Amino acid sequence: MFLHEYITTKVITVPPDTLLHDAERIMKDNNIRRLPVVEKGKLLGLVTRDRLREVSPSPATSLSVWELNYLISKIKVGDIMQKDVVTFPPDTTVEEAATLCQKRGIGTLPVVQDDKLVGIATTTDLYNILVQVLGFGKPGMRFHLFSCEGGEPLKTAIDAIHSHGGSIQSMFQVTPPGTKRTDTIIRTNVVDATQIVQELRAGGCELDVRSH
């Protein structure tokens, strides 16, 4: 999975001389929380709703309403945008992007090629991809194996599922925080898991089974 396959290519952008009031209106009208600041196709920075709120004068200021409005009317996004934006090439894998987002606390993923902004993704997009990869929402059963006596829960479960005519939609292994245990999670198209569960438990497997 590559990032360019999941980005939004019709990105709403603004030039650096866009006034703060106009940027706020654009965000509100389009129900978005961030605006890439672009000039001649090149990404210069990023401005967000939170950043706009940060630079607005405090209600406790001694300035008059007229003075406040005058100051705000002169602010441009180029003056307050975040300039050190982390960008991603189109061939970045989704896994690489998700890892970097976690490490750097990034919520926006601008995709840049040849210094030009070609699209954008967000952590919400990554979350949606994760849900798709995990197979959540599809009809079937989810097998969560904690351990098996033979020490090969993945092979044991696959063999049992296939022997009863089931097929696998997705599977992965995780290590829960604070443990040294490796759990195996398999999503299948199985509707009735009774016989598979009986076989696995009879073979010494500890597991949890539930519908997607």
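**Ground rules.** The model is predicted, so I keep in mind that local features need pLDDT of at least 70, side-chain atom pairs count only at pLDDT 80 or more, and totals for chains, interfaces and linings use all residues. Residues are numbered from 1 along each chain as its sequence is written, and side-chain values use heavy atoms, with hydrogens and water left out.

I started with strand 1 (residues 34–39) and strand 2 (residues 42–48), which pair in the antiparallel sense over six bridges. Strands here are DSSP runs of E, at least two residues, and helices are runs of H or I, at least four residues, both numbered from the N terminus. Two strands count as paired if DSSP finds at least two bridges between them. I looked up V37 and found its bridge partner in strand 2 to be G45. Two residues sit between the strands of this hairpin, and K40 takes a positive phi near 55°.

Next I looked at an open sheet of four strands, in the order 6-7-5-8 with antiparallel pairing. Its edge strands are strand 6 (168–174) and strand 8 (206–211), each pairing on one side only. From one strand to the next, the twist averages 15°. I then checked strand 5 (residues 141–147) against strand 7 (residues 183–188): they run antiparallel and are joined by four bridges. H144 has I185 of strand 7 as its bridge partner.

**Helix on the sheet.** Helix 7 (residues 153–163) lies across strand 5, strand 6 and strand 7, and runs at about 20° to strand 7. For such angles, axes are lines fitted to C-alpha atoms, for helices over the stretch in contact, and the angles run from 0 to 180 degrees between N-to-C directions.

**Helices 7 and 8.** I followed helix 7 to helix 8, where the axes come within 9 Å and cross at roughly 145°. The contact (heavy atoms within 4.5 Å) is made by T156, A157, A160, I161 and S163 of helix 7 and I196, E199 and L200 of helix 8.

**Helices 5 and 6.** The axes of helix 5 (residues 94–104) and helix 6 (residues 123–134) come within 11 Å and cross at roughly 130°. That makes helix 5 oblique to helix 6; under 35 degrees counts as roughly parallel, over 145 as roughly antiparallel, 65 to 115 as roughly perpendicular, and the rest as oblique. I noted V94, A97, A98 and C101 of helix 5 in contact with T123, L126 and I129 of helix 6.

**Disulfide.** I found one disulfide in the structure, a disulfide being a pair of cysteine sulfur atoms within 2.5 Å. C148 and C205 form it, with their sulfur atoms 2.0 Å apart. The torsion about their S-S bond is about 110°, so the disulfide is right-handed. C148 lies in the loop between strand 5 and helix 7, and C205 in the loop between helix 8 (194–202) and strand 8, so the pair ties together parts that are 57 residues apart in sequence.
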